[in-house]
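Have a look at the fold shown here, and keep it open as you read. We will walk through it step by step.

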Amino acid sequence: MARAMRIALYQPEIAGNVGAILRLAACFSVPVDIIMPMGFAFSDAKLKRAAMDYGASADVTRHANFEAFDALRRARGRRLMLMSSHASQRLPDVEFRADDILLMGSESAGVPDAVRDLADVRVRIPMAPGFRSLNIAVSTGIAVAEALRQTGRFPQ
């Protein structure tokens, strides 16, 4: 069986966003890696409200820090695709693989330069002029949908 694409969240800060992403992940059967620390308790009511009853169906792995996550990713030979509003490669121009990990930065700061530099590919979702960024849950949905479309991995 082929390895699944994954979503990785780097030190997320907003429970409602993580809840929405867990709901998305459950609906599309895409596992989620959460890179600690988080800006809220995993039991936060806002997370549960956003995930609704889908949150329990999400396949979630928590990592103590980025180093632990990255060591596991490298050992498994996974490509890291950083989604960033500062990236030069546009989402429609990127070729995804079925086992890519889509890394989303924290809501307020993205990822540090050292993490950015470890990404195999840095991807930007193009937007109309004058706009800076999308909500992280919206960005995750757009990126995952495009990656699943390209790789033929949408659920039936």
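What follows goes from the sheet to the helices packed on it and then to a few loop residues.

Please bear in mind that this is a predicted model. Let us begin with the sheet. Strands of a sheet pair through backbone hydrogen bonds, either parallel or antiparallel. Here, seven strands form an open sheet with parallel pairing, and their order is 3-2-1-6-4-7-5. Strand 3 (60-63) and strand 5 are the edge strands, and each has a single partner strand, so one side of each has no neighbour in the sheet.

Now zoom in on individual pairs. Strand 1 (residues 6-10) runs parallel to strand 2 (residues 32-35), and four bridges join them. In this pair, Tyr-10 stands opposite Ile-35 of strand 2. Towards the other end of the order, strand 7 (residues 121-124) is linked to strand 4 (residues 80-83) by three bridges, again in parallel. Leu-82 has Arg-122 of strand 7 as its bridge partner. Strand 7 also pairs with strand 5 (residues 89-90) in the parallel sense, this time over two bridges, and there Arg-90 stands opposite Arg-124.

Helix 5 lies across strand 1, strand 4 and strand 6 (101-104), and runs at about 165° to strand 6. How does helix 5 sit against helix 1? Two packed helices are described by the angle between their axes and the distance between the axes. For helix 1 (residues 15-28) and helix 5 (residues 136-151), the angle is about 20° and the axes are 9 Å apart. Angles under 35 degrees count as roughly parallel, and helix 1 is therefore roughly parallel to helix 5. The crossing of helix 1 past helix 5 is right-handed.

The contact itself can be read residue by residue. From helix 1 come Asn-17, Ala-20, Ile-21, Leu-24 and Phe-28, which meet Ile-136, Ala-137, Thr-140, Gly-141, Val-144 and Leu-148 of helix 5. Sorted by class, this contact holds eight nonpolar residues, three polar ones and no charged ones.

Finally, let us visit the loops. Gln-11 lies in the loop between strand 1 and helix 1. Phi of Gln-11 is near 40°, a positive value in a residue other than glycine, and Gln-11 counts as partly exposed because its relative accessibility is 27%.

The peptide bond joining Met-36 and Pro-37 is cis, with omega about 0°. Is Gly-39 buried or exposed? At 54% relative accessibility, Gly-39 counts as exposed. Leaving aside residues up to four places away in sequence, Gly-39 touches Pro-12 and Glu-13. The C-alpha atoms of Gly-39 and Ser-106 are separated by 9.4 Å, although these residues are 67 residues apart along the chain.

Technical notes:
Residues numbered from 1 in each chain as written. Predicted model: local features only at pLDDT ≥ 70, side-chain atom pairs only at ≥ 80, totals over all residues. Heavy atoms only, no water. Axes fitted to C-alpha atoms, helices over the stretch in contact; angles between N-to-C directions. Parallel < 35°, antiparallel > 145°, perpendicular 65-115°, else oblique. Left-handed = near helix turned anticlockwise from the far one by under 90°. Contact = heavy atoms within 4.5 Å. Nonpolar A, V, L, I, M, F, W, Y, C, P; charged D, E, K, R; others polar. Buried < 20%, exposed > 50% of the residue type's maximum accessible area, 1.4 Å probe, protein only. Pairing = 2+ DSSP bridges.
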